[in-house]
Amino acid sequence: MKNFFNFLKSKTFLIQLGLAAVAVLVLVFVALQWLKGTTNHGEFVEVPNFSKMSVMEMREAVEEAGLRYQVLDSSDFNPDYPRFSILDQNPPAGNKVKTNRKIYFTVNPSGYKKVTVPDIVQVTQRNASSMLKAVGLEVERVTYIDELGKDMVYRMKYKGKYIKPGDKLPKTSKVELICGNGTIPGSARVKADSN
């Protein structure tokens, strides 16, 4: 143990310790300089505002800014934005990022996604309206015909054409409900009277 402490006090050990410390400092300095050069330390690009730009305009602006991009799918159509324009971006506009950073974009689709018309035939108008609203459709108007079931849905129309349960319509479409007014149809009344 005494020899060990003598070695720690020796001139050879102190020289080796000093050389090791200098080597570590040189390696750390070289590594930091290399990192500064390769990571563009202190150099930032401000993310532009891409909102409402078309995809072609966005591509040009991304290249000019020295950035990269990735387009994400979007299923939610926003009528306030042009079709195939930028709805959202991450990171947001104004953030400072490194050159060559990837920006993620959400693009407005060409229109609303299609939804399936629910089976609302032989359902009350009130329940039918709720079922339509649940899938994203709206009741534009209600037309009454002579049928025994008062406020019972007998048919549906979309843009003047009859539709049936299971058909696909764009979300937010307005549907016309054809309901009974509680009156027995004329031909049924005649048959009943003749018996």
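Is tyrosine 69 buried, partly exposed or exposed? Tyrosine 69 is partly exposed, at 29% relative accessibility. Here buried means under 20% relative accessible area, exposed means over 50%, and partly exposed lies in between (1.4 Å probe, protein chains only).

This is a predicted model, in which local features need pLDDT of at least 70, side-chain atom pairs count only at pLDDT 80 or more, and totals for chains, interfaces and linings use all residues. Residues are numbered from 1 along each chain as its sequence is written, and side-chain values use heavy atoms, with hydrogens and water left out.

**Overall build**

- The protein has five helices and 11 strands. Helices (H or I, at least four residues) and strands (E, at least two) are DSSP runs, numbered from the N terminus.
- The radius of gyration is 36 Å, well over the 16 Å that the globule rule gives for 195 residues, so the protein is more spread out than a compact globule. The radius is taken over C-alpha atoms, and the globule rule is 2.2 Å times the number of residues to the power 0.38.
- Along the principal axes, the C-alpha atoms fill a box of roughly 130 × 50 × 20 Å.
- Of the 195 residues, 24% count as buried.
- Take the contacts in the protein with a separation of 6 or more: residues 24 or more positions apart account for 70% of them. Contact means heavy atoms within 4.5 Å.

**Surface and charge**

- The accessible surface comes to about 13600 Å². Carbon and sulfur atoms hold 56% of that surface. Accessible areas come from the Shrake-Rupley method with a 1.4 Å probe; for residues, only the protein chains shown count as cover.
- The protein has 28 positive and 19 negative charges, and their mean positions are 10 Å apart. Lys and Arg count as positive and Asp and Glu as negative, while His and the chain ends are not counted. The place of a charge is NZ of Lys, CZ of Arg, CG of Asp or CD of Glu.

**Aromatic pairs**

- A search of the whole structure finds three aromatic pairs. Rings of Phe, Tyr and Trp (its six-membered ring) pair if their centres lie within 6.5 Å; planes under 30 degrees apart count as stacked, over 60 as edge-to-face and the rest as tilted.
- One of the pairs joins phenylalanine 50 and phenylalanine 105. This pair is edge-to-face, with 4.9 Å centre to centre and 80 degrees between the planes.
- Phenylalanine 50 lies in the loop between β1 (45–46) and α3 (55–65), and phenylalanine 105 in strand β5 (residues 102–107), so the pair ties together parts 55 residues apart in sequence.
- Phenylalanine 50 is buried, at 0% relative accessibility. Phenylalanine 105 is buried too, with a relative accessible area of 0%.
- Tyrosine 69 also pairs with phenylalanine 105. This pair is tilted: 6.5 Å centre to centre, 55 degrees between the planes.
- Tyrosine 69 sits in strand β2 (residues 68–72) and phenylalanine 105 in strand β5, 36 residues apart.
- Ring pairs link Phe50, Tyr69 and Phe105 into a cluster.

**Around strand β2**

- Valine 71 is found in strand β2. Valine 71 is partly exposed, at 39% relative accessibility.
- Leaving aside residues up to four places away in sequence, valine 71 touches Met58, Phe105 and Val107.
- Valine 71 and glutamine 33 are 38 residues apart in sequence and 35 Å apart in space, C-alpha to C-alpha.
- Aspartate 73 lies in the loop between β2 and β3 (86–90). Aspartate 73 is exposed, with a relative accessible area of 81%.
- The C-alpha atoms of aspartate 73 and valine 107 are separated by 6.7 Å, while the two residues are 34 apart along the chain.

**Backbone details in loops**

- A cis peptide bond joins asparagine 90 and proline 91, with omega about 5 degrees. Proline 91 is in the loop between β3 and β4 (96–97).
- Lysine 159 is not a glycine, yet has a positive phi of about 55 degrees. Lysine 159 is in the loop between β8 (153–158) and β9 (161–163). Lysine 159 is exposed, at 71% relative accessibility.
- Threonine 172 also has a positive phi, near 75 degrees. Threonine 172 is in the loop between β10 (168–170) and β11 (174–180). Threonine 172 is partly exposed, with a relative accessible area of 32%.
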